[in-house]
Amino acid sequence: MAGSGSSSGSNSPCASCKLLRRRCIQECVFAPYFPPEDPHKFAIVHKVFGASNVSKMLQELPAQQRADAVSSLVYEANARMRDPVYGCVGAISYLQQQVSQLQMQLALAKAEILCVQMQHGGHATAAPSPPASQQHQHQMNGEAYGSLLVQNTLMNSTAVHQQQQMLGSLGSAGNTGMMLQEACLKKESLWA
């Protein structure tokens, strides 16, 4: 991450000094992190945070943490340019929404696997059927699992809905509703 040095070793000033049209001194705080070959990197950070704020931040940090700080500033500035309202938070919320949806799909898949295992477990063997008390217990366990599945689906659906409201995108709300409806129908049809 540490780029070219200041202008004393070479004729070219760092990207920040070039953009700000000032002389690049040997102790320039920007020179190691904003090389002259990548002027866009500093330009975007300067546009979002301002050169004096970035300079203050870098000077307050120990030298070993500055490269990570510059990397973070560049990432945050790029995110803010792509999404001026939410910035990094928009990207994080989008990823959290995807995780919630995948967790819901995983719960549904696990429920389907359990249902298939329970159906095949009772029909595939020619062994005598278990006593009525065990069948009743098995049915109650299935109903309890189905109830937990619906509760989990409802909680995930609520979390996804809140995130969608925050981002203002309602594109996948129909998919969530359909998955919730399918979970309820599967619970009714398979556990009854």
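Helix 2 meets helix 3 through Phe42, Val45, His46 and Phe49 on one side and Ala51, Asn53 and Val54 on the other. This is a predicted model. The two helices pack at an angle of about 100 degrees, with their axes 7 Å apart. An angle of 65 to 115 degrees counts as roughly perpendicular, and helix 2 and helix 3 are therefore roughly perpendicular to each other.

**Aromatic pairs**

- The structure has 3 aromatic pairs.
- One of them joins Phe30 and Phe42, edge-to-face, at 5.2 Å centre to centre and 65 degrees between the planes.
- Phe30 sits in the loop between helix 1 (15-20) and helix 2 (39-49), while Phe42 belongs to helix 2, so their pair ties together parts that are 12 residues apart in sequence.
- Phe34 also pairs with Phe42 edge-to-face, with 5.1 Å between centres and 75 degrees between planes.

- Phe30 has a relative accessible area of 1%, so Phe30 is buried. The cut-off for buried is under 20%.
- Phe42 has 0% relative accessibility and therefore counts as buried.
- Phe34 is buried too, with a relative accessible area of 0%.

**Surroundings of Phe30**

- Leaving aside residues up to four places away in sequence, Phe30 touches Cys14, Ser16, Arg22, Phe42, Ala51, Val54, Ser55 and Leu58.
- Among these partners of Phe30, Ala51 and Val54 are residues of helix 3 that also take part in the meeting with helix 2.

**Nonpolar core**

- The largest nonpolar core holds 21 residues.
- Cys14, Cys28, Phe30, Phe34, Val45 and Leu58 have the most contacts inside this core.
- Helix 1, helix 2, helix 3 (51-60) and helix 4 each give two or more residues to the core.
- Helix 4 supplies the largest share, 5 residues.

**Helix 4**

- Helix 4 covers residues 63-82, a run of 20 residues.
- From first C-alpha to last, helix 4 reaches 30 Å, close to the 28 Å expected at 1.5 Å a residue.
- The buried residues of helix 4 are Arg66, Ala69, Val70, Leu73, Val74, Ala77 and Ala79.

Note on methods: Residues numbered from 1 in each chain as written. Predicted model: local features only at pLDDT ≥ 70, side-chain atom pairs only at ≥ 80, totals over all residues. Heavy atoms only, no water. Helix = DSSP H or I, 4+ residues; strand = E, 2+ residues; numbered from the N terminus. Expected span 1.5 Å × (residues − 1). Buried < 20%, exposed > 50% of the residue type's maximum accessible area, 1.4 Å probe, protein only. Phe/Tyr/Trp six-rings, centres within 6.5 Å; stacked < 30°, edge-to-face > 60°. Core = buried A, V, L, I, M, F, W, Y, C linked by side-chain atoms within 4.5 Å. Contact = heavy atoms within 4.5 Å. Axes fitted to C-alpha atoms, helices over the stretch in contact; angles between N-to-C directions. Parallel < 35°, antiparallel > 145°, perpendicular 65-115°, else oblique.
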